[in-house]
Amino acid sequence: MNLLIDKLKVCRSLVILTGAGISAESGVPTFRGADGLWKNYRAEDLATPEAFARDPKLVWEWYEWRREIIRQAKPNPGHLAIAQFEEIFPEFLLVTQNVDGLHRLAGSKKIVELHGNIFRNKCSKDGRIYQETPKTDSIPPRCECGAYLRPDVVWFGESLSSEVLNEAFVKTQSCEVFLSIGTSAIVHPAASLPLLAKERGALVGEINLEPTPITPLVDISIRGKSAEILPKILNHLSFNLC
Ligand code: BJW
């Protein structure tokens with residue numbers, strides 16, 4: 001961890017990629033692993049356009065269940081530390097795969113949400129965005145055009161917003177330090193970002209409970225809980241500013 005802190009002390013541009021692990025200590029289940037969200041279902045049964053077409057009620061109810069868990073959750077010290085990093089580094093971008101909105105609640109502003117936001121909905125036919133869920137007996141609710149609404153998230157096989165993806169790639173190409181935090185680093189294109197950063201000469205660090213496919217490639221790998229490690233790193237950096 002000391003090497004990472006030393007590098008961060010002289011670094012002007014930082015990009016952070018987060019995944020479900022950063023929200024684990026807020027009580028939001030991760031996707032994979034023993035207690036993961038897929039444990040009772042296969043991803044293809046829930047997080048694909050085909051699954052929604054096949055069984056819209058099942059998919060909608062799974063998301064409603066997750067929304068209820070996330071509504072009860074609060075940002076943890078890991079989210080809060082990342083929000084502070086934004087104040088320290090002149091060039092900063094937080095790229096999150098999470099759809100839970102906890103980074104924004106923690107105060108992060110320089111953020112792109114690669115996989116959308118679970119609380120927004122969109123029409124499955126015309127793409128019209130609904131910031132809130134209309135009150136109705138229909139499950140899923142319907143758009144004014146009559147088609148079902150779905151959560152405004154990115155499912156397998158769907159393209160990410162090109163604007164959002166472009167910002168993530170541009171900042172990753174030029175950052176001095178890239179941190180991958182709480183992600184299994186298997187879902188693309190997010191998982192390509194640390195590799196790109198490494199290729200372009202950035203120092204790449206990883207904070208995770210377990211090894212991931214990128215562990216052998218990163219410069220610094222820190223094992224542990226992000227909600228414990230990130231505040232420690234922040235303490236060293238804030239002290240340095242005085
Ligand atoms: C802790 C911790 C603590 C726990 N502290 N750590 C290139 C190669 C191969 C395949 C592809 C490719 N390019 C595209 C694909 C296909 C596909 C893909 O990547 N498949 C892979 C599975 C192989 N990608 C796509 O389809 C993407 N679309 C796309 O690329 O379009 C163009 C295209 C299409 C088709 C073919 C080619 C090109 C879209 C991906 C959308 C992903 N969507 C989901 C659901 C979002 C909505 C929802 O929330 O329901 O996004 S899937 C799910 O996985 C979710 C997550 O954001 C994403 C990543 O998961 P994450 O965050 O890493 O969570 P976990 O659970 O996997 O890991 C948690 C980690 O935390 C673990 O490592 C723990 O150890 C750790 N941890 N507690 C620190 N306290």
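Arg-150 and Glu-158 are joined through their side chains by a salt bridge, with an N to O distance of 2.7 Å. In this predicted model, Arg-150 is buried, at a relative accessible area of 6%. Glu-158 is partly exposed, at 22%.

A further pair links Asp-219 to Lys-198. Their closest N and O atoms lie 2.7 Å apart.

Within helix α5 (residues 56-72), Arg-71 and Glu-68 are three residues apart, about one turn of the helix. They form a salt bridge, and 2.8 Å separates the closest N and O atoms. Arg-71 is partly exposed at 47% relative accessibility. Glu-68 is also partly exposed, with a relative accessible area of 39%. Over the whole structure, the search finds nine salt bridges.

Helix α9 spans residues 192-199. Its buried residues are Leu-193, Pro-194, Leu-196 and Ala-197. Viewed down the axis of α9, these fall within an arc of 160°, so they line one face of the helix. The elements covering them include strands β1 (13-18), β2 (91-96), β7 (177-181) and β8 (203-208), together with helix α8 (162-174). Gly-201 follows α9 and has a positive phi, near 95°.

Definitions and conventions:
Residues numbered from 1 in each chain as written. Predicted model: local features only at pLDDT ≥ 70, side-chain atom pairs only at ≥ 80, totals over all residues. Heavy atoms only, no water. Buried < 20%, exposed > 50% of the residue type's maximum accessible area, 1.4 Å probe, protein only. Helix = DSSP H or I, 4+ residues; strand = E, 2+ residues; numbered from the N terminus. Arc of directions from axis to C-beta. Contact = heavy atoms within 4.5 Å. Salt bridge = Lys/Arg side-chain N within 4 Å of Asp/Glu carboxyl O.
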